[in-house]
Amino acid sequence: MGTCKEEIRKTSKDKGHTRTLALMVTSTAIGGTLQYGYNLAIMNAPTVYIQNFLNETFLERWGMQLEVYEITLIWTFIVSIFSLGGFIGALVAGPMSIRFGRKKTMLLNNIFLMSSSLLALLSRTAKSFEMIIMSRFLVGINAGISMNVQPMYFGESAPKHLRGAVSLSSAVFTSFGVVLGQVVGLRELLGNEPCWQYLLASNAIPGFIQLLTLPWFPESPRYLLIDCWDKEACLQALRRLRGCDVQREELDEILQEQDETKGERAKQPWELLTDRSLRWQLISVAVLSSAMQLCGNDSIYFYASYVFQEAGISAGMIPYVTIGTGMCEFTACILCNLLIERIGRKLMLMGGYVLMTGWAIVFTVALSLENIIHWMPYLSMACVFTYILSFGMGPAGVTVILPTEIFNQTARPAAYMIAGSLMWLNLFTIGMIFPFLVSGLGQYCFVPFGAVCLLSALYIQLVLPETKGKTLPMITKEFYLLNYHEQKMDPERKQAHYQLGEICHSTAL
């Protein structure tokens, strides 16, 4: 009879994972990281139309015709202000997630989204390019908050054996947003002169879907117990997310983390910088968050036409080729989602950067020989696809889940603030300099990106431990050896990491 009950519990547990968790992930991500990919992609299609709108506005207001370089400068600012908004969003995401919780923060985040959509929709009627700039800034704040809070919400809600796959769903929906934005931006849909304002405002639709569905799902169980001290709400959330009775082992792990952080308030970013016990965790997150943007993958989505023109692709084919790039990353992220719990985080990350280094070299050679060998433009195009494919197989998804796995509840929001700020600042930097990088370096424009990928792969191999299937105390022990490499760990302390339910201050010295 007992065996039968255990089988029923196991079956209901599996069903709960596949149903409730999947629906919660979908609801959150549709209005979350999908917006990041979607709002990156939709800016390619209306480039010429918005630039003409800028010229017409200046001519009507001040009777002056803008020079080509002036239009390019204003357009670059419109595109890049999205990154500055993301930077602000990353800074406020931590305090918001502590004050309001993970789920409520995602819901409140739609205020920025809806305001952005309204400004974009009315900008043409009002004949105001400033409204477009403000719209892009606000939707950047929305994306910055989502990119930090959503992985935190997923990582804290998923069971240990599904933590990587559930957290990686953020990257899957980001890449899906890119594909969706590229398709909606085609001339046959909204990527034409009469409809560009509707294209910029179309990001409100996923936001409405999230507002209608997310309130029905529970808050992060760890947030409820560790931050709010509400054990009953935590148990109720776990039952709903698991679809069965709470497993003792999982509850013990959360209680252990609560005991370790008892009496501690949430850390501020500057406190992480001075905490020796978190030194290499913070360095790892900073290096990999920066590398995620400095590897040059998002530059392809900001300025896809520049890259394909350098590769010799005709202007008429560029919008359709660009959809192929988005499909590559989407496919790769799905494959990574299926493999991450089998292969592990470290190998996926390092393998992705190694492959990107190789393709950057091949791409540079192909661009250098495109005027000598007639089929080289096709090899160049293939290199762009494989470069994006390699990025999606590791760096795109694994990077964003690391703060959830290597920081505890009190340090996690601050860690995401630092990681997100670096990611957005580097995205802004690349967005501003990439056109000049292409014009200045020509066929060697991907050499700096290849160097970043190579250095990132070396860092991962030498420093980053594997986190697959490990509890936070186990991961903390491995970083302890790096942070205090000249001292030996106390054997009793080392053993305490594996005793569930006991207080073990792994970072105290």
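## A buried aromatic pair

Phenylalanine 449 counts as buried at 2% relative accessibility, where buried means under 20% relative accessible area, exposed over 50% and partly exposed in between, with a 1.4 Å probe and protein chains only. Phenylalanine 446 is likewise buried, with a relative accessibility of 2%. Together with Phe363 and Tyr387, Phe446 and Phe449 form one aromatic cluster.

## Basis of the values

This is a predicted model, in which local features need pLDDT of at least 70 and side-chain atom pairs count only at pLDDT 80 or more, whereas totals for chains, interfaces and linings use all residues. Residues are numbered from 1 along each chain as its sequence is written, and side-chain values use heavy atoms, with hydrogens and water left out.

## Aromatic pairs

Rings of Phe, Tyr and Trp (its six-membered ring) pair if their centres lie within 6.5 Å, and planes under 30 degrees apart count as stacked, over 60 as edge-to-face and the rest as tilted. By this rule there are twelve aromatic pairs. The pair of phenylalanine 58 and phenylalanine 129 is stacked, because the ring centres are 5.3 Å apart and the planes lie at 20°. Since phenylalanine 58 belongs to helix 3 (residues 47-62) and phenylalanine 129 to helix 7 (residues 129-157), this pair ties together parts that are 71 residues apart in sequence; helices here are DSSP runs (H or I, at least four residues), numbered from the N terminus. Phenylalanine 58 is buried at a relative accessible area of 12%, and phenylalanine 129 is buried at 9%. The pair of phenylalanine 446 and phenylalanine 449 is edge-to-face, with 5.3 Å centre to centre and 80° between the planes.

Technical notes
Helices (H or I, at least four residues) and strands (E, at least two) are DSSP runs, numbered from the N terminus.
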